[in-house]
Amino acid sequence: MSIQFFAPRGPGNEMIRLPAALRRTVRWLPQIGDLFPDFRVETTMGDLNFWDWAEGSWIHLFSHPAANTPVCTTEMASIVALSDEWRAADVRHLALSGSPIDEQRAWHGDIAGLFGLEVDFPCAHDPGLHLSRLFGMMHEKSDSARPIRKSFVVDPAMRVAMLFEYPSFLGRNFEEVLRVIRALQLRAETGAATPADWQGGDMVIIPDNRPESEVIRQFGTGSERLLPYLRVAGES
Ligand code: BEZ
């Protein structure tokens, strides 16, 4: 008889039998709204406790497969190239990989030499990939030895605000990371939602029935109801 380590139930409280490969796999499945766990890591800029370091800022915590790999090299340079924008938006980055600190420091030297850009944020070493496994960054079918490219945006109260996953061979677009963090900040500040392809300054969606006076105060214009369920404000 096989024993399931955890026993999910269906709508009629019947036990759902898991495929054998999924049995005994109890893991945190990170979700939007979860409190991100605190942890301590060694980084290229010294040891840090995540909450002490992060609390009060918007955090982009991301995994990448390893130092001295081509796509990762371009990702690091691309983040640093946007340093002024991250600072203006109060965003801090923390990279995580299984590469030892001295290897990462030497690699940052290559990046500085090639791009003329100094990696100016902490890059952590995850020995044994325990944190990577806990945070769902190990996708064994893709690569059993190295993390995929997973990004968490964590809000100033340490809640997961957004998460996304890219395969190892596909570099992320950090203009997009900046765009979504700006949208999350707008949501936190005003309660507005953002339409598809929104960029800073574009019109926003008012997802509730707040008074028109409040819309004018927040966005400088009145709102328009384009459909009974679609109310917009701001530049169009
Ligand atoms: C890269 O960064 O280029 C890479 C790393 C691991 C697997 C595939 C690509």
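Me: Buried means under 20% relative accessible area, exposed means over 50%, and partly exposed lies in between, using a 1.4 Å probe and protein chains only. Does Arg 40 count as buried or exposed?

Reply: This is a predicted model, in which local features need pLDDT of at least 70, side-chain atom pairs count only at pLDDT 80 or more, and totals for chains, interfaces and linings use all residues. Residues are numbered from 1 along each chain as its sequence is written, and side-chain values use heavy atoms, with hydrogens and water left out. Arg 40 has a relative accessibility of 52%. Because the cut-off is over 50%, Arg 40 counts as exposed.

Me: With which residue does Arg 40 form a salt bridge?

Reply: A salt bridge is a side-chain nitrogen of Lys or Arg within 4 Å of a carboxyl oxygen of Asp or Glu. For Arg 40, the closest N and O atoms of the pair are 3.7 Å apart. The residue that forms this salt bridge with Arg 40 is Asp 47.

Me: How many salt bridges does the rule count?

Reply: Some of them are linked: Glu 75, Arg 149 and Arg 172 are in a network of salt bridges. By the rule, the count of salt bridges comes to nine.

Me: In which strand is Glu 165, which forms a salt bridge with Lys 150?

Reply: The closest N and O atoms of Lys 150 and Glu 165 are 2.8 Å apart. Lys 150 is buried at 3% relative accessibility, while Glu 165 is partly exposed at 41%. Strands (E, at least two residues) and helices (H or I, at least four residues) are DSSP runs, numbered from the N terminus. The pair links distant parts of the chain, 15 residues apart, with Lys 150 in strand β6 and Glu 165 in strand β7.

Me: Why is Thr 44 called buried, and what is its relative accessible area?

Reply: Thr 44 is found in the loop between β1 (40-43) and β2 (46-49). Contact means heavy atoms within 4.5 Å, and leaving aside neighbours within four places in sequence, Thr 44 is in contact with residues including Ile 101, His 108 and Phe 121. Thr 44 is called buried because its relative accessible area is 13%.

Me: How far from a polar atom of the side chain of Asp 143 does the backbone nitrogen of Ala 145 lie?

Reply: Asp 143 is in the loop between α5 (130-134) and β6 (149-154), and is buried at a relative accessible area of 14%. A polar contact is a pair of N or O atoms within 3.5 Å; within protein, one must be able to donate a hydrogen and the other to accept it, and residues adjacent in sequence count only if both atoms are side-chain atoms. The backbone nitrogen of Ala 145 and a polar atom of the Asp 143 side chain are separated by 2.9 Å.

Me: Which residue caps the N-terminal end of α6?

Reply: The expected span of a helix is 1.5 Å times one less than its number of residues. Helix α6 (residues 174-190) has 17 residues and should span 24 Å, which agrees with its end C-alpha atoms being 24 Å apart. Just after α6, Gly 191 takes a positive phi of about 80°. At the N-terminal end, a side-chain oxygen 2.9 Å from the backbone nitrogen of Glu 175 comes from the capping residue, Asn 173.

Me: Which residue forms a salt bridge with Arg 179?

Reply: An α-helix has 3.6 residues a turn, so residues three or four places apart point the same way. Arg 179 is buried at 19% relative accessibility. The partner, with closest N and O atoms 2.7 Å away, is Glu 176.

Me: Which three residues supply 93% of the area that domain 1 buries against domain 2?

Reply: An automatic or database domain assignment sets the bounds, giving domain 1 (28-186) and domain 2 (191-234). Buried area is the accessible area (1.4 Å probe) that two parts lose on being put together, summed over both; here it is about 490 Å², of which carbon and sulfur atoms give 65%. On the domain 1 side, the three residues that supply 93% are Arg 179, Ala 183 and Leu 186.

Me: How many salt bridges does the rule find across the interface of domain 1 and domain 2?

Reply: The C-alpha centres of domain 1 and domain 2 lie 32 Å apart. Between them, one residue pair is in polar contact, with both residues at pLDDT 80 or more. The number of salt bridges found across the interface is zero.
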